[in-house]
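Subject: Predicted model, with notes

Hello,

Here is the structure we talked about passing on.

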Amino acid sequence: MERHVCRIWPLSSPDTVYYMQINWEKDLGSGFTVTLCNGEQAWSGRVSENQVTMEAKEAEMDREKYVDELRQALTMGEERVKTYSFDFFKDNDKDVFHFLYEKLMQDISMGANRLELNVFASDVDMSRY
């Protein structure tokens, strides 16, 4: 299993650092798990291979190109801050959080993707991140 960990600063709370961990088996196109942690709590959600395919169709992109965009957005390290934005917020109607990532192109956003995350730990062992 492959894993990538990096820091992100969500748009809704730019002074707060979150650690984002991405896990996948073969490649991101086969599905992946996103885990966010702020040092006190952690949230996790899974994107299936079918969801990746559906998102590529919705974005009207070739699936391989879409998977490459995912790789850039989720695993390129902190240099991607100039190209991608991230946000994380609680759903007011459900007991879930939303993780949003989108590509920025000349001051406009394209290809916003949203993933539901659930709280999975109240006391987080930061040595895992």
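Residues are numbered from 1 along each chain as its sequence is written, and side-chain values use heavy atoms, with hydrogens and water left out.

Overall fold

The chain has two helices and seven strands. Helices (H or I, at least four residues) and strands (E, at least two) are DSSP runs, numbered from the N terminus. Along the sequence their order is β-β-β-β-α-α-β-β-β. Of the 129 residues, 43% count as buried; buried means under 20% relative accessible area, exposed over 50%, and partly exposed in between (1.4 Å probe, protein chains only). Among contacts in the chain with a separation of 6 or more, 39% join residues 24 or more positions apart, a contact being heavy atoms within 4.5 Å.

In soluble globular proteins, nonpolar side chains tend to be buried together. Here the largest nonpolar core has 26 residues, and Met20, Phe32, Leu36, Leu74 and Phe99 have the most contacts inside it. Strands 1 (2-8), 2, 3 (31-37), 4 (42-48), 5 (84-90) and 6 (97-105) each give two or more residues to this core, as do helix 1 and helix 2. Helix 2 supplies the largest share, five residues. A nonpolar core is a set of buried Ala, Val, Leu, Ile, Met, Phe, Trp, Tyr and Cys residues joined through side-chain atoms within 4.5 Å.

Leaving aside neighbours within four places in sequence, Phe32 is in contact with Ile22, Asn23, Trp24, Gly45, Arg46, Val47, Val52, Leu70, Leu74 and Tyr101. Ile22 sits in strand 2 (residues 18-24) and is buried, at 0% relative accessible area. Not counting residues up to four places away in sequence, Ile22 touches Glu2, Arg3, His4, Leu28, Phe32, Thr33, Val34 and Leu74. From Ile22 to Thr35 there are 13 residues in sequence and 6.5 Å in space, C-alpha to C-alpha.

The two helices

Helix 1 (residues 49-58) packs against helix 2 at an angle of about 105°, and the axes are 9 Å apart. That makes the two helices roughly perpendicular. On the helix 1 side the contact is made by Glu49, Val52, Thr53, Glu55 and Ala56, and on the helix 2 side by Arg63, Tyr66, Val67 and Leu70. Sorted by class, this contact has five nonpolar, one polar and three charged residues. For the classes, Ala, Val, Leu, Ile, Met, Phe, Trp, Tyr, Cys and Pro count as nonpolar, Asp, Glu, Lys and Arg as charged, and the others, Gly among them, as polar. Axes are lines fitted to C-alpha atoms, for helices over the stretch in contact, and angles run from 0 to 180 degrees between N-to-C directions. Angles under 35 degrees count as roughly parallel, over 145 as roughly antiparallel, 65 to 115 as roughly perpendicular and the rest as oblique.

Between helix 1 and helix 2 there is a loop that holds Glu60. Most residues other than glycine have a negative phi. Phi of Glu60, however, is positive, near 55°. Glu60 is exposed, at 74% relative accessibility.

Salt bridges

How many salt bridges are there? The count is two, taking a salt bridge as a side-chain nitrogen of Lys or Arg within 4 Å of a carboxyl oxygen of Asp or Glu.

One joins the side chains of Lys65 and Glu69 at 3.3 Å, N to O. These residues are four apart in helix 2 (residues 63-75), so about one helical turn separates them. Lys65 is partly exposed at 42%, whereas Glu69 is buried at 12%. Beyond its neighbours within four places in sequence, Glu69 is in contact with Met61, Tyr84 and Lys103.

The other joins Asp68 and Arg71 at 2.8 Å, N to O. Asp68 and Arg71 are three residues apart in helix 2, again about one helical turn. Both are partly exposed, Asp68 at 27% and Arg71 at 37%.

Gln72 also lies in helix 2 and is partly exposed, at 21%. Gln72 and Lys103 are 31 residues apart in sequence and 9.7 Å apart in space, C-alpha to C-alpha.

Regards

Key: Predicted model: local features only at pLDDT ≥ 70, side-chain atom pairs only at ≥ 80, totals over all residues.
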